[in-house]
Every structure is written in structure tokens, then in C-alpha cells.
Amino acid sequence: MTGFAARSKVAVVGCAQSPIVKHHDRPLGALAVDVAREAIADAGLTVADVDGFTTSALLPTAGDHPVVDGVSTVSANWLAANLGADPSYVTGFQGYGQLPGAVALAVNALMSGAADHVLVHRALHNPAGRYHGSAQQQARGAAQWTMPQGYFGPIAMIGLPTNEYFQRYGATREDLGAVVVEARKNGARLPWSHWHGSPLDLDEYLAAPLLADPICRFDCDRPVDGVAAFVLTTAERARDLPNRPVYVTAYAGAQPSRHRLPLHWPLDDIAEVGAATARQLWERSGLGADDVDLPQVYDGFSPFVWFWLEALGYCPVGEAHRFVSGGGIDSDVLGALPALSGGGALGSGRMHGVPQMLECYLQLAGRAGDRQREGARVGIACQASPHFGGAVMYSSEVM
Amino acid sequence: MSGPVPVPDEVSAPFWEAAADGRLVLARCSRCETFVHPPEPVCPHCHHTDPRFAFEPAPTTGVVRSWTVIRQSFLPGFNVPFTLLDVALDGLDDLRLIGRLAPEGREPPEHIGEPVHVVFEVPAGGGPAVPSFVLSEP
């Protein structure tokens, strides 16, 4: 493999986000078009300037909900058509780590010249009824090996490696609660968050009944309706636009893991393949963990925070629970690692990587208002599990 | 409403036939002789595109690598709570099975590494027998 040619060659130049709520009173597609227009205007552009569209349209539920473009998901194609754009590049990312994947597609399109301005969006929907509930009576294909035993859905999936971590390293529910309390503290300060004004204390966390030991509902991000959109262009074009550019330094995506049963994520797979994801990010960026001011780790389930902190090298494997419980990621402590300063998914709602990317963008563009962290220069936006998702590094400077 | 029952297919039929007789057989690649679970169109070990999996008797003892107690089921037909085990079969380090802890109501393990052995149970909702695990007496 030759060197990563895209370092600092592409920049985020604008963004917009809808309020994150349990259910919006408007169709998801209508919301997405409004948010896209707002993001394009924020970047100082018009719809006619935007010729690239990328997203991942996944509806992240194990339940029996229909997938309808413009209603329960919004594809790049749907959005481009309904914006009235005349694009030259429209595509979707099919893997996990949906937002880093969609950003990578945008970077590649801009680097190749396939597009000059790319809109990256993510539209998340909370369908009516039980989010993960399924009435399936037959387990076919890969599901035949696990579903008849009752192993089904993401909460059971995360229960196994989390308990494996508890048993191996002596972590406790209090340690997991420390992750959630930090995310909710930060999310409570965000006007757009589902949890605005609603911090959670450790006693409330510990009082919640378990769903799949040791996971309780507060360990899971809350399904929501919400849309975010970001505009990316080349670093060269970004110079002429109104906002301070935030450069994409590098992106990384997890490589195939070991062959396993569906939804089976043994702890060693997460650590081993996750460390390779991080290595890819360091190699492509030329930077290391110590250079990063804002590693926004993913937290769709609270234990992901431990897994990312360890994969990125902020703690030795098996130590992240002590690091977090000891105040290591407290966003209010000078010198601590503000790993959930953007509220994450636990503190914002199930926006699948958006809170991480938004925090990197707002802070590095100097647009975080009264939350602005002085001197923040490099951030990382992570999504999904480190062995299964991806991450993008952003910088306020050309690196 | 009953729970989901496994639907055997062309490849998996021998597994479910043996399970009905209380025997654990697993797919073994006829090219590299590695046990593979679940079987795939291409052998995940040697990557042969015509692995001609044969279902052969597999070890029926193993150790607990992790567990979780399911207290809210997202599927119909399951009485909660029940415990699911992540088990590494003896001699097949890189192969894992996930199954219920039997009998129903049994307390979960206390430690990872506890020995287990395979039993077959007909799920509450009926259908073919599926492999479950019993904690072995020390």
C-alpha cells in the first residue's frame, strides 16, 4: 500500500442538525431536506453547488420494521432527488461505522474529482412500537444457529463481551455507570439533545433493572428521530468559504474479524481487530494518541467507551473502567481526556456517530459557543465497535 | 406465541438431524479438516471455494468464556430470565457456541472458565432440539 494521499486535502465546511427527539411530527425525509438546505447555506453554498451525496441509510434495529426510503430511512439518492440537486456522484456506505464510512466515500469522491462539494448526511428514525421486538417464528440462514436459543438483537450481543470484561478485569456496574453519567452530564448541556436538561446520577443508573446482564437501559442509547448533514469540499475550495475549515486528517475502518456466529463479539476479537483499526488511523494520519485533544469515542452502548479507549491506546487493555471511574474522561477537569464532551449517543440520542463528528467539527471550527474548548486542534470521531466500525480524524490545521 | 424454530437448509440439515438424536456434529472442511461453525459457502479457514463440509462428531465438553442473563426477551416464546453461555469447546479453541444454560432456572456460572457439557433441549415453543449447556460437576 502506498501512502494515504488524502491527508488534510478535504475539509468540513458547514453543518446543520435537527433537534433530536423521540418522534418528530414530520416525515424523516422532509426533515432531511430541510437540514440539508440549512447545512448547504451554512457552508455558504447553494444546492446547485453540491454535486456529491453520500450517506449510510441503515435503520439500526433488529425489530420487524419496514424500511421505506424517505420515511424510515433516507438514502443519498432520495435526498439528492428531493433537494432538486443535479449531482455527479451519489452513493451509500454499506458497512458498519456508517458515518466514518460515508465521510470516507465523500473524501474519495473529492480527491478523485468525481465531485466538488459533497453533502454527507445521516437520518435516524425511531419507528412506532417496540424498537427491537420481533415476532419471527422461523430462524433461517445464519439466524438458525442462535435465535432458537434466544440469542437475538444487539442488547444480548453486547451483554456477552461486557460480562466477559467484568469477569476478566473486575469491572462493576458502578464503573459502567460512570460512563453513562459522564455522557448524560455533557448531553444535558446541549440544546439539541434528547437529554437536554436531564443529567443522570449514579443512584438512578444503579436502580435501573437489567435487560441482559450487566446491561441496563441506560447503557443503551435511546432511539430517536433526528437528521444531521455536513458539507465537505477540497481544502483548496474551503479557503474561499465563510467558515473556518476543519480538515479530514485520516480515516480508518475495521477489517474483517474472525468467523463467528451472528452478533457474537468475543472480547479478544474486539481488542485485537480494534487495535488494528487504531493503527490504521495513526499510520494514515502520521499522528499518535498523544496528539489528539478530543478523541470522541463511540458510546451507542456504554462499554464501547472502554473498548475504544483501549483500542486507541489511552489505557492498557483491561484498565479503561478504572480510568473512567477515576475521572479520566471528565470533560470538566483540566488535563483529563474529554472523550465524551459532545454528549455522545448516550447523552444525545441514537444518532449513530453524529454527536462524535459534530463535536469534532464545532470545536475545531471554533463554533462551539460557550462550550468552546480553547486550544483544541485534533479530534477523532469514532463509530460502532472498534473491531467493526470506523473512525475519522479531524484537525483545525493542515497536518 | 411460540419462539422461532430453526429451519434446516441444504447445508445444515445433518446438524439438525443429529441434534434430534441428541448428538453434536459440526461442519468440518474436507480440504483443511478444520471445524467451522457456522458453515459458509467458502471455508473461513483455508478459503477453499468448495469446502464440502462434512458434519462430524464434535467435542461435547468445553469452558464458559462469558454469559449473560436475558431478563427481557425481544422474541416471543421465551420465559425470562434465562442464561446464555458463550462456550469454547475443548480442543477447538477458535470455535464458539452460544447456548442456553440448562436446566431452566439454574443460577448462572460464578466464573469464566467453568467446565460445561452439551445437552439437547426442545425449546419451550417446540421444534427441533437445540444444543444447550449444563455446568459440569467439579
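Which helix of chain A lies across β9 and β12 of chain A? Helix α8 (residues 267–285) does, and α8 runs at about 140 degrees to β9(A). Axes here are lines fitted to C-alpha atoms, for helices over the stretch in contact, and angles run from 0 to 180 degrees between N-to-C directions. Helices (H or I, at least four residues) and strands (E, at least two) are DSSP runs numbered from the N terminus.

The model is predicted, so local features need pLDDT of at least 70 and side-chain atom pairs count only at pLDDT 80 or more, while totals for chains, interfaces and linings use all residues. Residues are numbered from 1 along each chain as its sequence is written, and chains are lettered from A and ligands numbered from 1 in the order in which they are written.

The two strands under discussion belong to an open sheet of nine strands in chain A, with the order β3-β2-β4-β8-β1-β9-β12-β11-β10 and mixed pairing. Two strands pair if DSSP finds at least two bridges between them. In general, strands of a sheet pair through backbone hydrogen bonds, either parallel or antiparallel. At the edges of this sheet are β3 (89–92) and β10 (294–296) of chain A, each pairing on one side only. Direction ignored, neighbouring strands are turned by 25 degrees against each other on average.

Strand β1 (residues 10–17) of chain A is joined to β9(A) by three bridges, antiparallel, and A:Ala11 has A:Tyr247 as its bridge partner. β9(A) is also antiparallel to strand β12 (residues 390–395) of chain A, through six bridges; here A:Gly253 is partnered with A:Gly390. Strand β11 (residues 378–383) of chain A pairs with β12(A) over six bridges, again in the antiparallel sense, and A:Gly379 has A:Tyr394 as its bridge partner.

Next comes the nonpolar core, defined as a set of buried Ala, Val, Leu, Ile, Met, Phe, Trp, Tyr and Cys residues joined through C-beta atoms within 7 Å. The largest such core has 168 residues, and those with the most contacts inside it are A:Ala39, A:Ala229, A:Leu232 and A:Tyr361. Its largest share, nine residues, comes from helix α3 (residues 98–112) of chain A. Domain 1 (9–58) and domain 2 (60–138) of chain B both give residues to this core, so it lies between them. These domain bounds come from an automatic or database domain assignment. Two residues are in contact if their C-beta atoms, placed from the backbone, lie within 7 Å. Not counting residues up to four places away in sequence, A:Leu232 touches residues including A:Val10, A:Ala11, A:Ala106 and A:Leu110.

Between the chains, 40 residues of chain A are in contact with 37 residues of chain B. On the chain A side, α4 (153–169) is among the elements that supply at least two residues, and α4(A) gives the most, with nine. Two bridges join β5(A) to strand β1 (residues 5–6) of chain B in parallel, with A:Gln138 partnered by B:Val5.

Key
Buried ≥ 20, exposed ≤ 12 C-beta atoms within 10 Å, placed from the backbone.
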